[in-house]
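Dear colleague,

Please find below the structure that I am handing over to you. My findings follow directly after it.

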Amino acid sequence: MKTLKEQIAELRAVGYKALPAQAKVAHDAVLLAMHRSGFKLKSAIKGGVVMSSITGDIRRATMDMDIDFVHHSISIRSIERFVRGLNRAIPELEIGIVGDITDLKHEDYRGKRVYVSVKDDSLHLPLRTKIDIGVHTHDEMTQVEYGFDVVTAPEKAELQANSNEQMFVEKLASLLRHGALSNRPKDIFDMYYLSSRVRLKVVRRYVSMLVYSSRRCPIADKRGMVDSLRRTFGSARYMRKLASARINWLGVLPRVATAAILRIAESL
């Protein structure tokens with residue numbers, strides 16, 4: 001197994017900046033430890049780590065991890081046991097908790113936040129990453145078996161991950177709830193990337209579950225959804241936000257991305 005220092009150097013050599021390289025090495029260590037510790041059926045990987053992996057694009061590198069526990073408690077004691085299991089899974093590494101495990105409570109998410117350190121003898125200071133852990137509440141949403149390529153070792157980290165359809169609809173639901181005030185503009189380019197890689201039949205079913213049937217979302221039907229998207233994409237301030245090079249990881253025109261999302265909504 002390569003040392004952490006060697007893994008970081010390998011990523012820097014292919015174009016990663018220092019902090020994203022360190023974050024990916026830490027994430028890969030956690031993913032591999034989850035795989036080796038047999039946590040596959042008790043978890044689903046979400047968010048930026050999945051997007052970064054399926055796109056294979058350095059520009060979509062992410063600094064944090066998002067995990068849902070599946071039929072598994074997210075109590076502090078349970079999370080402590082989870083991290084201890086990660087620590088035992090890779091003898092060459094030490095994986096531990098930094099600081100306190102805290103509650104996450106806001107409109108889009110309920111769960112716990114934990115900071116994890118990853119270290120070996122090759123680094124003076126451990127790598128650190130933030131992991132947000134939630135609960136998988138929709139058994140109707142089938143998770144996909146996914147093999148994450150990791151720099152940590154030659155083997156893949158075989159785990160469960162959110163499907164393209166689930167990621168697309170969860171991002172859509174957040175956009176519909178917040179409209180032009182949304183503080184997640186990067187989601188637009190994620191959704192654009194996913195728009196040509198989703199099954200519309202599944203998207204339609206998930207929209208019914210996460211949008212039309214949600215008490216937190218003010219959208220009751222397709223017409224309301226399309227009208228809401230048109231208002232958001234018609235906001236000059238919102239569209240200027242999408243023009244940021246840091247946010248627009250695909251480098252496409254914002255109006256191209258928003259038009260693709262609108263076409264999906266109109267076709268449902």
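Leu-123 is partly exposed, because its relative accessibility is 21% and the class covers values between buried (under 20% relative accessible area) and exposed (over 50%), with a 1.4 Å probe and protein chains only. This is a predicted model, in which local features need pLDDT of at least 70, side-chain atom pairs count only at pLDDT 80 or more, and totals for chains, interfaces and linings use all residues. Residues are numbered from 1 along each chain as its sequence is written, and side-chain values use heavy atoms, with hydrogens and water left out.

Leu-123 lies in the loop between strand 4 (109-119) and strand 5 (127-135); helices (H or I, at least four residues) and strands (E, at least two) are DSSP runs, numbered from the N terminus.

Another loop, between strand 2 (64-69) and helix 4, holds His-71. Its relative accessible area is 66%, so His-71 is exposed. Although His-71 is not a glycine, it has a positive phi of about 50°.

Helix 4 (residues 76-89) contains Arg-81, which is partly exposed because its relative accessible area is 44%.

Helix 2 (residues 18-36) has 19 residues and spans 27 Å from first to last C-alpha, close to the 27 Å expected (1.5 Å times one less than its number of residues).

Yours sincerely
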